[in-house]
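Please open the model in a viewer and keep the selection tool at hand. The stops below proceed from one chain to the contact between chains.

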Amino acid sequence: MIPVECYFVLSALLFFIGVFGFVTRRNLIAMLISVELILNAVDINFAAINRLLYPHGMEGMFMTLFVIGVAAAESAVAIAIIINVYRHFKSDTVESITNLKG
Amino acid sequence: MGNTIMFIIFAIVIVGSALLCVTTSRIMRAATFLLFVLFGVAGIYFLLDYTFLGAAQIAIYAGGVTMIYVFAIQLVSKRSLQGLVEHVKGSRLMAGGLAALAGLVVVSLILLKTGFFMNESVADVEVPMDKIGEALVGSGKYQYVLPFEFISLFLLACIIGGLVVARKEEKDV
């Protein structure tokens, strides 16, 4: 049986790879992909804790299920916003959006 | 033993694809590597005997979300993205790498130093589907009809919101 720490280390690696991508990439779609990596890392943690530490409950599993649903909705709305930003600014990097800059 | 080998394979696929995903400069390749990461995570769910969760992951993430990304890349990037080589500043690369590494070390140390008591009595069978179904739409204790309904409304609101945001505005006369 795989110890639960292995899952934790795997999800921590995935999480911080996502953080690295979010900080370094300047393209809106690439940043969104990094956010998906982070969400998946969290999902692995929920599922592993639920299954290996508290196998009689189902809280972590349903949390993961709802996170998957919310992530799908979130990426759909974000893609809509990105397409709109692209129409307005003819560019899809974050540097081009300076309307709210003080 | 078989579980360990499968876990190692999935871990290598996930971490390798994630690294390639954030370091490649072509956006289309990043989306493809994201697909591999999602399949690896689905494999992890199957390994944990959450077959329903793995199926949902493949259906929603790998089937839906990745398609949205590919669609958006093709739509947005006719001029700007296809074959784009993104220039990342060295200083930002350095700062991001350092921050991620520091966070990784701290989180890993905390997780490894904390003693977790494994429940050794986990049967090596999948969670039965009728149990999941009852818990998902039941309204009793430890049952989840309220978040289920909330998700339905939330998805509807997101569909309408996405349509409103993305539609073409009519030109004023």
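Residues are numbered from 1 along each chain as its sequence is written, while chains are lettered from A and ligands numbered from 1 in the order in which they are written. The model is predicted, and local features need pLDDT of at least 70, side-chain atom pairs count only at pLDDT 80 or more, and totals for chains, interfaces and linings use all residues.

**The fold of chain B**

Helices (H or I, at least four residues) and strands (E, at least two) are DSSP runs, numbered from the N terminus. Of the 173 residues in chain B, 23% are buried, that is, with 20 or more other C-beta atoms, placed from the backbone, within 10 Å of their own.

**The contact between chains A and B**

Now show both chains. The contact draws 62 residues from chain A and 65 residues from chain B; two residues are in contact if their C-beta atoms, placed from the backbone, lie within 7 Å. On chain A, select α1 (4–24), α2 (28–52) and α3 (59–89), each of which supplies at least two residues of the side that touches chain B. The most comes from α3(A), with 21 residues.

Methods. A residue is buried if 20 or more other C-beta atoms lie within 10 Å of its own, exposed if 12 or fewer, and partly exposed in between; C-beta atoms are placed from the backbone.
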